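Happy to walk through this one with you. Let's take the labels one at a time and ask what stands behind each.

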Amino acid sequence: MLVYVVPDHFSSFLFFFKRCSRYKNRQNATSVPEFHFILFSEDPDLQPVLFGLFLSMYILALFGNLLIILTVSSDSHLHTPMYFFLSNLSMVDIGYISTTVPRVIVDIQTHCPVISYVGCLTQMSLFVIFGCMDDMLLAVMAYDRFVAICHPLYYQVIMNPSRCCVLLLGCFLLSFVDLLMHEVAVLNFSNCKDIFEISNFFCDPSELLKLACFETFINNIVRYCTGALLGLLPISGIIFSYYKIVSSIMRSPSSSGKQKTFSTCGSHLSIVCLFYGTSLGVYFSSSLSHSPRNNAVASVMYTVVTPMLNPFIYSLRNKDIKIALRKILSRVF
């Protein structure tokens, strides 16, 4: 009698497929909308590679951002507005990457890229809050550099602790307003069909707006308002701040002073270029490419790569951070 032995990886795939099917049936039975993500690859041999890649990037991002927070909090010389906003940026980056990557890792492991209606709204809400906070903090950090360079004598007066807290609170409130605009547009899914296909690996707000059951006119209003809030407002603030900074530097007769000023702004400018460069790259690639999988791969750049690289850009380019890191390492070892 012939006995056919099912390979381990195939049997595990069948197990997860059955479990995913039971989940879908349970969702359909309760007539609650569910959302299906796209897979980066359907090749079973690539799943361990993708799992290891996302896991390593997530651990690296957590390690780098936690190290920045620890460094700033442990060194009294770094208790300044600039590093206060940097440590908050690191905390926001941890939340930003934690909104998407753990879910991707689970989906790769279980072969079940399905999320419930409540789960999708929760993920989208956290993504919008942390993404907008990231955006606004970059603008606030540019304003901080503008005050430090253009008004150095009044820097401590203008950027006092209460003003810094107000600016941080303003970033959160603007992010919350942006979230409310998204929620108004996407809370109507329960009156539509039961299954939605999202052309990304997470509940991307722009994808949800495309699928929302609102009229095109309302969707366009939400898009324009969020675009102005997320794009026009912070970018205008950053451009204005650096215009004033460059003008101030050009008037300085000292070449060493110019070099020192550029070095203090170099790390922030690198992060701004990385954040907006990847976001614009994803936007244009999605406009030119009609492949959802290519768009999902492009989205990895600003959702995963940017939060992972931010702390290393600051630690490698910033002299104060490097000195503080050496002190910490000397204590440990």
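Helices (H or I, at least four residues) and strands (E, at least two) are DSSP runs, numbered from the N terminus. This is a predicted model, in which local features need pLDDT of at least 70 and side-chain atom pairs count only at pLDDT 80 or more, while totals for chains, interfaces and linings use all residues. Residues are numbered from 1 along each chain as its sequence is written, and side-chain values use heavy atoms, with hydrogens and water left out.

Q: What makes residues 164-181 a "transmembrane region" here?
A: The label comes from UniProt, where an unreviewed entry places that feature at several stretches, including 164-181 and 114-143. UniProt positions are given in the numbering used here, feature names are shortened, and annotations may be inferred rather than shown by experiment.

Q: What is the make-up of the span 114-143?
A: That span is 90% helix and 10% strand, with its end C-alpha atoms 42 Å apart.

Q: Why is the link between cysteine 120 and cysteine 203 called a disulfide?
A: The S to S distance of cysteine 120 and cysteine 203 is 2.0 Å. A disulfide is a pair of cysteine sulfur atoms within 2.5 Å, so the name applies. The structure holds 1 disulfide.

Q: Which parts of the chain does the pair link?
A: Distant ones: cysteine 120 is in helix H4 (residues 117-150) and cysteine 203 is in the loop between strand S3 (195-197) and helix H7 (205-211), 83 residues apart. Both cysteine 120 and cysteine 203 are buried (under 20% relative accessible area; exposed is over 50%, partly exposed in between, with a 1.4 Å probe and protein chains only).

Q: Is this disulfide left-handed or right-handed, and what is the torsion?
A: The torsion about the S-S bond of cysteine 120 and cysteine 203 is about -130 degrees, so the disulfide is left-handed.

Q: How many salt bridges are found in the whole structure?
A: The search finds 3. One of them joins aspartate 107 and arginine 103 at 3.3 Å, N to O. These two are 4 residues apart in helix H3, so about one helical turn separates them. Aspartate 107 is buried, at 6%, while arginine 103 is partly exposed, at 25%. Arginine 145 also forms a salt bridge, with aspartate 144, the closest N and O atoms being 3.0 Å apart. Both arginine 145 and aspartate 144 are buried.

Q: Why do strand S1 (residues 34-36) and S3 count as paired?
A: S1 and S3 share 3 bridges in the parallel sense. Two strands pair if DSSP finds at least two bridges between them, so S1 and S3 qualify. In S3, isoleucine 195 is the bridge partner of glutamate 34.

Q: What makes histidine 111 stand out?
A: Histidine 111 has a positive phi of about 55 degrees although it is not a glycine. It is found in the loop between helix H3 (81-110) and S2, and at 26% relative accessibility it counts as partly exposed.

Note on methods
Salt bridge = Lys/Arg side-chain N within 4 Å of Asp/Glu carboxyl O.
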